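Look over the sequence and the model first.

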Amino acid sequence: MREAAREIAPRDRLIVGLDLPSVEAAEAMIKRLGETVTFYKIGMELTYAGGLALAERLVGGGKGVFIDLKLHDIPNTVERATRQIARLGARFLTIHAYPQSMKAALAGAAGSGLELLAVTVLTSCDDTDLADAGYALGVKDLVARRAQQAKEIGMPGLILSPEETQSVRQLLGPEMQLITPGIRPGGTDVGDQKRVMTPTLAIAAGADRLVVARPVIAADDPVAAAENIVAEIASALA
């Protein structure tokens, strides 16, 4: 898949997160962005506000769609939920990188065009957060362990912070898709993210696609913000 990823146009490497409170707000942002953005992420907030129907409309309009639900439950539930999402025609769906959940999701996606992305460690977490949650491993080691497990299980891609992208690319080789949130152009607020990087550095580290929400949708000029990120991606690839 990495070979194919080299052929992805810079604009298609930007996934804009529609982290908005309503379908109406999301549709207004999509209209405003127009042809500037080709790929959108629909997360929990918008899903619970009716976003899955919007996902179908986006697919029908030729946009790429990433459903970010981070599924993790008993295997039967994960398998059945994944099968339902696969019917929407979306490109990506996230699963927390627990072996049971990844295996179940693969079963649910079988025979569809849905590509599953294993979420390693959320970009809002650092070593202290993991210790508070009872994990013996720090971020770097836990990401590496989960990345290796995802590869062995057969997951086609990973979600990880740009800080771990280079080491995971070296660990897993060229085939695994690496998609990174925690992207912050220079001069923008990091918000609740703890492991972040600029678009240029994330692409240079080996990321295939970048997920960006607030730096685009909360910008005074979202079109200009998105175009600037696409330009950074193109420059990094060159």
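How many bridges join strand β7 to strand β8? Two bridges join β7 (residues 177-180) to β8 (residues 209-212), and the two strands run parallel. This is a predicted model: local features need pLDDT of at least 70, side-chain atom pairs count only at pLDDT 80 or more, and totals for chains, interfaces and linings use all residues. Residues are numbered from 1 along each chain as its sequence is written, and side-chain values use heavy atoms, leaving out hydrogens and water.

**The barrel**
- Eight strands close into a barrel, in the order β1-β2-β3-β4-β5-β6-β7-β8.
- The pairing is parallel; two strands pair if DSSP finds at least two bridges between them.
- Strands (E, at least two residues) and helices (H or I, at least four) are DSSP runs, numbered from the N terminus.
- From one strand to the next, the twist averages 25°.
- Thr180 has Leu210 in β8 as its bridge partner.

**Helices on the sheet**
- Helix α3 (residues 44-60) packs on the sheet and touches β2 (39-42) and β3 (64-71).
- The direction of α3 makes about 150° with that of β3.
- Angles run from 0 to 180 degrees between N-to-C directions, and axes are lines fitted to C-alpha atoms, for helices over the stretch in contact.
- Helix α11 (residues 222-237) also packs on the sheet, touching β1 (14-17) and β8.
- The direction of α11 makes about 150° with that of β1.

**A helix pair**
- The axes of α7 (residues 139-153) and α8 (residues 162-172) come within 10 Å and cross at roughly 40°.
- Contact (heavy atoms within 4.5 Å) involves residues including Val139 of α7 and Leu172 of α8.
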